[in-house]
Amino acid sequence: MLRATTTTNHNAADFSDATLATLALHAEAAATAALRRVGGTAVEWGRRSGSHLNTSRLAAASLPDARVFGRTAHGDRRPECGIVTLIDSSGSMGAGVIKDGAYLGSRRRVARSIAVGIAAAARRCGLASIVGHHGDNGRGPELVAHRTTRGVLNGPSYGGNSDAWAVAEFCRLVEMPAVQTVFVLVCDGSPNGDEAEHRAVAAEALAWMRRASVSFVLAYIGDDQGGLDRARLDWGAQRVADCRADMTALTAVMIRAVAAARR
């Protein structure tokens, strides 16, 4: 099983458009509001080594006795709470997004901006975080876990899509980052294939997650009500945040998810 961590190292210049950088900040604010409400894991900063990197102090990394690392306050034990964000990077995610008359780019770029915003919120609250992509590369399904949020913003583009399979396989192949984990899928609710089969795989994935103290959230960024309705049928309406208008819908759904994971 792969053990992965995504380090937050992006800045505003890494976004293809200033509007996407703003969207990432809105996603960070929405996720932070949820994570602070339920509590997080304290990080001890100012260390010579550790699993967290203080990217704001990288300029000092070459100095003698530089202390740019941090570790969770519980030491080397597995963190109590963490976040996984999986980005749907299928063909339909190449469709454009227009909001308030402004073109934001593809759904894929919007999803990546949301994902790095969630990762930044996790870092702000001292939580472990993993960000990945999924899709079909033409030869079959593919999953990617990223080492950095800058890598997330330059992630892959794919063709076909099976969200439920991707969630189930990511949970099977990648070690969850904490004892209790919130798993966020950012997608447009348009998986390929038979709807009944996809719903059955989603139910199996949700059952596994319940046993593993993983709580699921879907951040919907499609542009039609049909995709949203299908997502709610596949995953359960209480787990789906409609993020088409703004990111505030994510807060309440994440609060429920973290609370559920900790029960």
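This is a predicted model: local features need pLDDT of at least 70, side-chain atom pairs count only at pLDDT 80 or more; totals for chains, interfaces and linings use all residues.

Q: In what sense do E4 and E9 pair, and over how many bridges?

A: E4 and E9 pair over 7 bridges in the parallel sense. As a general idea, the side chains of a regular strand alternate between the two faces of the sheet.

Q: What is the order of the strands in the open sheet?

A: The sheet has 6 strands in the order E8-E7-E4-E9-E10-E11, and its pairing is mixed. Strand E8 (141-145) and strand E11 (240-242) are the edge strands, each pairing on one side only. On average, neighbouring strands of this sheet are turned by 20 degrees against each other, with direction ignored.

Q: How do E4 and E8 each run relative to E7?

A: E4 and E7 run parallel and are joined by 7 bridges; within this pairing, Leu86 stands opposite Gly132 in E7. E7 and E8, by contrast, run antiparallel and are joined by 5 bridges, and the partner of His133 in E8 is Val144. The hairpin of E7 and E8 has 4 residues between the strands, and Gly138 there takes a positive phi near 100 degrees.

Q: Why is E7 described as largely enclosed?

A: The reason is burial: 8 of the 9 residues of E7 are buried, so the rest of the structure largely encloses this strand.

Q: Which residues have the most contacts inside the largest nonpolar core?

A: They are Ile83, Ile114 and Leu250, in a core of 45 residues. Elements giving two or more residues to this core include helix H1 (18-38), strand E4 (81-88), helix H2 (107-124) and helix H7 (249-261). Beyond its neighbours within four places in sequence, Leu250 is in contact with Ala30, Ile118, Val217, Ala219, Ala241 and Cys243. Another core, of 26 residues, lies apart from the largest one; Val174, Val214, Leu228 and Val240 are among its members.

Q: How many disulfides does the structure hold?

A: A disulfide is a covalent bond between the sulfur atoms of two cysteines. The structure holds 0 disulfides. For Cys125, the closest cysteine sulfur is that of Cys81, at 9.3 Å, which is too far for a bond. Cys125 is also buried, with a relative accessible area of 11%, and Cys187 counts as buried at 0% relative accessibility.

Methods: Residues are numbered from 1 along each chain as its sequence is written. Side-chain values use heavy atoms; hydrogens and water are left out. A nonpolar core is a set of buried Ala, Val, Leu, Ile, Met, Phe, Trp, Tyr and Cys residues joined through side-chain atoms within 4.5 Å. Buried means under 20% relative accessible area, exposed over 50%, partly exposed in between (1.4 Å probe, protein chains only). Contact means heavy atoms within 4.5 Å. A disulfide is a pair of cysteine sulfur atoms within 2.5 Å. Two strands pair if DSSP finds at least two bridges between them. Axes are lines fitted to C-alpha atoms, for helices over the stretch in contact, and angles run from 0 to 180 degrees between N-to-C directions.
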